[in-house]
Amino acid sequence: MAEKLRLKIITPEKLVFDGEVEELVAPGQMGEFGVLPGHVPFLSVLFPGRLRFKTEESGENTLIIHGGLADVKDDTISILTDQSENPEEVDVAAARKDSETLQKELDELQDTEASEREELDRKLRIARARVGE
Amino acid sequence: MPSLKQITTKIKSVRSTRRIMGAMKLIAAVRLQKAQAALMAYRPYSDAYRDVVLNVAALSESEDHPLLRIPEEKANLHVLFFTSDRGLCGSFNSALIRNMQSYVGEQSGVFGNIKLSFVGRRGRDYFSKSGVATGKYYTGVNERNSRKFSEELAAALTEEFRVGESDEIVLAYNHFVSAISQRMTFERLLPLSAQKSDSSATESSSDYIFEPEKERIIGSILPKYVQVRIERAMNESLTSEHAARMTAMENATSNADEVIAKLTLLFNKTRQAIITTELMDIVNGTEAQKGGNE
């Protein structure tokens, strides 16, 4: 069993991260999950949220991802996401405001508008991940 | 022999053509650089996406999702053909069209009906007159709108496959190898199950954990996969087009230089010939006068 995990975070624009990590915590659709070396093959759809991973050099890292896929196989994790952001570069105040307006919109939405609800929910999760909730 | 005036006019016109081609070459070089950077960034993503999807498809049954359906017979083939909108890019389009023709020839033995859809004007212009059934046609695709176009196309093609209107969907585009080399590629987009021969397919599905359950995952990643691959093909084709145009314009510029050099030589020769003729006339004239005086 390998000691380390190889993590690749890939967006359509660039390879955000490619290196060895000790552990990873990702926002799965069924709740947050952690991956350690020796994990069984695993495929999960990710919600927008915060991705945390620990490396030897830089310690704990956090990235905001806009949903996507996580594929774990042979101690290699591939995270495929539409977009990723560095939490330090995010305007928290604006994100908090977004999050509040989106929550209100979501509350007022009728049950029938499922696709709209999904889209709003996605935006809300992104905003919340930016705020750091 | 042409007159000096004729030659100067000709040189001038070749010069101005050369200037235009030089400018087009520079534009193509800049656009190539941008497109290439975007393509190189997109390749890891689209390849990783394909690996994941093929892996899931290999672990799934064809009943799990309509997009995994294995057609019972090969009746309808739909090819999405990527060419450029504009010319002046060397043999880019003609080579694509030639390969496409032989591909259609080969496949007509396998499939009953072949339909072509087009991204780019050149391919459509050619095949609309050739008697092959034509489907959708998109023009004006560039680096900035390729996502929007690919989403639209993906939705249409997925639906077609789902309802059984096509049994196989193929992308035909130029794969960008380097600035001087592009290779035409035929990529089977659907059905996925026909690509099961990967070595990774040996794992049994019981070892793999899916979250949420496999059917839901397939439902969300398969349509996206189709879009990602179409966008990838668009990017490959656009980058190849810029590379081909740059090379073609570079050749044209150096050809123009050659023509200008030849014409300049001709100009000098002609001028010299005229001077020589005039001198001969003067000498002859003086000789004649001398003779008269004696």
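Author: A crossing of two helices is left-handed if the near helix is turned anticlockwise from the far one by less than a right angle, and right-handed if clockwise. Here, the crossing of H1(A) and H2(A) is left-handed. This is a predicted model, where local features need pLDDT of at least 70 and side-chain atom pairs pLDDT 80 or more, while totals for chains, interfaces and linings use all residues. Residues are numbered from 1 along each chain as its sequence is written, with chains lettered from A and ligands numbered from 1 in the order in which they are written.

Reader: Thanks! How many helices and strands are in the secondary structure of chain A?

Author: Helices (H or I, at least four residues) and strands (E, at least two) are DSSP runs, numbered from the N terminus. Chain A has 2 helices and 10 strands. Followed along the sequence, the pattern is β-β-β-β-β-β-β-β-β-β-α-α. The C-alpha atoms of chain A fill a box of roughly 50 × 30 × 25 Å along the principal axes.

Reader: Back to the helices: at what angle do the axes of H1(A) and H2(A) cross?

Author: Axes are lines fitted to C-alpha atoms over the stretch in contact, with angles from 0 to 180 degrees between N-to-C directions. The axes of H1(A), residues 92-108, and H2(A), residues 114-131, cross at roughly 150° and come within 8 Å. That makes the two helices roughly antiparallel (over 145 degrees).

Reader: Which residues of H1(A) and H2(A) meet?

Author: Contact means C-beta atoms, placed from the backbone, within 7 Å. In H1(A), the residues that meet H2(A) include A:Val92, A:Ala95, A:Leu102 and A:Leu106. On the side of H2(A), A:Leu120, A:Leu124, A:Ala127 and A:Val131 are among them.

Reader: Now the strands. In which sense do E6(A) and E7(A) pair?

Author: Two strands pair if DSSP finds at least two bridges between them. E6(A) and E7(A) pair in the antiparallel sense over 7 bridges, and a hairpin of 3 residues joins them. One of the bridges has A:Gly49 partnered with A:Ile65 in E7(A). E6(A), residues 49-55, also pairs with E3(A), residues 23-28, in the antiparallel sense, over 3 bridges. There, A:Glu23 stands opposite A:Lys54.

Reader: Where is A:Gly67 found, and is A:Gly67 buried or exposed?

Author: A:Gly67 lies in the loop between strand E7(A) (59-65) and strand E8(A) (68-73). A residue is buried with 20 or more other C-beta atoms within 10 Å of its own, and exposed with 12 or fewer. A:Gly67 counts as buried because it has 20 C-beta neighbours inside 10 Å. Beyond its neighbours within four places in sequence, A:Gly67 is in contact with A:Leu46, A:Phe47, A:Pro48, A:Thr81, A:Asp82 and A:Arg122. A:Glu57, 10 residues apart from A:Gly67 in sequence, is 26 Å apart in space, C-alpha to C-alpha. Across chain A as a whole, buried residues make up 29% of the 133 residues.

Reader: And how many residues of chain A are in contact with chain B?

Author: 19 residues of chain A are in contact with 18 residues of chain B. On the side of chain A that touches chain B, strand E5 (42-46), E8 and strand E9 (76-81) each supply at least two residues. E5(A) gives the most, with 4 residues.

Reader: Which strand of chain B is joined to E5(A) by bridges?

Author: E5(A) is joined by 3 bridges to E6(B), residues 209-211, and the two strands run parallel. To find this spot in the structure, look for A:Ser44, whose bridge partner in E6(B) is B:Glu211.

Notes
Contact = placed C-beta atoms within 7 Å. Parallel < 35°, antiparallel > 145°, perpendicular 65-115°, else oblique.
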